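Notebook open, model loaded. I'm jotting down what I looked up, spot by spot.

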Amino acid sequence: LQNNSVTSDKISDGTIGTNDLANNSVTSAKVADGTIVTADLGDNSVTSGKIVDGTITATDIGNTQVVKSINSLKDNVNLVAGSNITITPSGQNLTISSTSGGIGGSGTSNYLPLFSGSTTLGNSIVYQNSGNIGINATDPTERLDVLGDIEFGTTTPIKLKNKVGVSGWWGLTLNIAGTDHFSFDRLGTATISNKLGIGVNEPQYPLHISTNKKYAGYFTSDSISYNTHVIHSEFTGTGNQDAVGVYGKSRPNDYYGIGGQFEGGYMGVAGRVYPTSSNYYYGVSGFVSGGSGTNYGIMGEAGGSGINYGVYGRATGGTTNWAGYFSGNVNVTGTLSKGGGSFKIDHPLDPQNKYLYHSFVESPDMKNIYDGTVITDASGYATVTLPDWFEALNKDFRYQLTVIGDFAQAIISQKIQNNQFTIRTDKPNVEVSWQVTGIRKDAFAEKYRIPVEEYKKGDDIGKYLHPEAFGLPETMGIDYKHIKADKERGIK
């Protein structure tokens, strides 16, 4: 056949079958370009067995034709760059970039890209520098540095892991349940103590906080209840040891520092002990030892426009009750008021087994008593010299004279003048026992004169200092208001 001598219009459609053609009998050189069209081919009439491998090249595929998938192709695949596409191989990676069409945009060095549109890229808020990632930060100093708040809104635990110098992994699980609670748990099975440090790299305790801020921790609660504990500390061990529930220490220098300070609307400090045996127990203990200054074991101070008690003590229900007990001297700079008074000493005749009591001598006046003995001379006169402060301290003098050893008369021949007075007897050489009383007139006494009678005021009206002395219940006592207040607050 001459080249191009047989055309489709000379052969009836369908008259030449596959069996009429010898293998490779028709070549592109014997078929005019464009003479065989799609209509000349039946569906699936050309198979891979009829096309020699490698005979279809890139020039046989039109510019606008698309290859749908290369996933099922075998052997080598050659990707050829075009005028607008650059292909750059590097090891296992293949970089394809486009200068026209596709995805494009502009960005700044070190910023991770962000899709600013469906086919365009721009800067995100994620920044990488020297292996560190910053979110909203361009100078990250850690592997992840976040400038701003982090919010977790999931109940799924967030796990933080870190490889440490022991076998296995160790880290923390952050358990977040809504807004109710936040907790830490261990991860893995590494042998390491469960310690959390805030502001410290090597925590020594389960929770170790170190800071140069004013408050190392700040706790608040708005629960209204007698049982509310904003901070609860409890020792749960057993044994014969004085374990400390709460310990506070502040000693920046000698004479400076407060170990603990508390402020309350009702009580600043409440110390309570509930004994179960018969040892010594202290609700509150104050202790100072050392130094060469003035030490106060306990100091109480109260000030206000009402009734103030610097120290208030109450003791009831025991075989012996002391509202206050002082082992040593007691100094009172103000006025001392009492229901009664006495001295108590070891009995001089049986000091090992008995006490001896004497009641105080009471008077409606602020009275001083002075006494002594003197012997009159041959003329029946004797002068008694008193201390040089006597008349500066006393006024309104009273005299008592008693003759000793003989029947005689004695009189005050000269009253107190210049801190002395004179006694005269009707016989010579008589022994006389004398007593002089005076009413205090010093500055303190004149300013703070003790009233003989006084009306009760306020809540004290109708109440008794000692209701039991009148056969009345304790509810009638003036101090019962303190007991009642404690009971209402659940204080035993």
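Which residues make the nonpolar surface patch of about 420 Å²? I find Phe326, Val330, Val332 and Leu336.

Before going on, a note on the source: this is a predicted model, where local features need pLDDT of at least 70, side-chain atom pairs count only at pLDDT 80 or more, and totals for chains, interfaces and linings use all residues. Residues are numbered from 1 along each chain as its sequence is written, and side-chain values use heavy atoms, with hydrogens and water left out.

**Patch.** My patch rule takes residues with over 30% relative accessible area and no salt bridge, joining like charges within 9 Å and nonpolar side chains (Val, Leu, Ile, Met, Phe, Trp, Tyr) within 5 Å. A salt bridge here is a side-chain nitrogen of Lys or Arg within 4 Å of a carboxyl oxygen of Asp or Glu. Areas are Shrake-Rupley with a 1.4 Å probe, and for residues only the protein chains shown count as cover. Strands are DSSP runs of E, at least two residues, numbered from the N terminus. Val332 is partly exposed, at 43% relative accessibility; buried would be under 20%, exposed over 50%, partly exposed in between (1.4 Å probe, protein chains only).

**Loop between strands 15 and 16.** Next I checked Thr376, in the loop between strand 15 (367–375) and strand 16 (381–385). Buried or exposed? Thr376 is buried, with a relative accessible area of 2%. Its side chain makes a polar contact with the side chain of Thr425 at 3.1 Å (N or O atoms within 3.5 Å; within protein, one able to donate a hydrogen and the other to accept it, and sequence neighbours count only if both atoms are side-chain atoms). The Thr376 side chain also reaches the backbone nitrogen of Asn429, at 3.3 Å. Leaving out residues up to four places away in sequence, I list contacts (heavy atoms within 4.5 Å) from Thr376 to residues including Tyr381, Ile423 and Val430.

Ser379 lies in the loop between strand 15 and strand 16 too, but Ser379 is exposed at 54%. I put its C-alpha 8.5 Å from that of Thr425, 46 residues apart along the chain.

Strand 4 (111–115) pairs antiparallel with strand 5 (120–129) over 4 bridges; pairing takes at least two DSSP bridges. Pro113 stands opposite Asn123, and 4 residues link the two strands in a hairpin. Strand 5 also runs antiparallel to strand 6 (132–135), joined by 4 bridges, with Asn129 opposite Asn132. In that hairpin, with 2 residues between the strands, I noted Ser130 at a positive phi near 55°.
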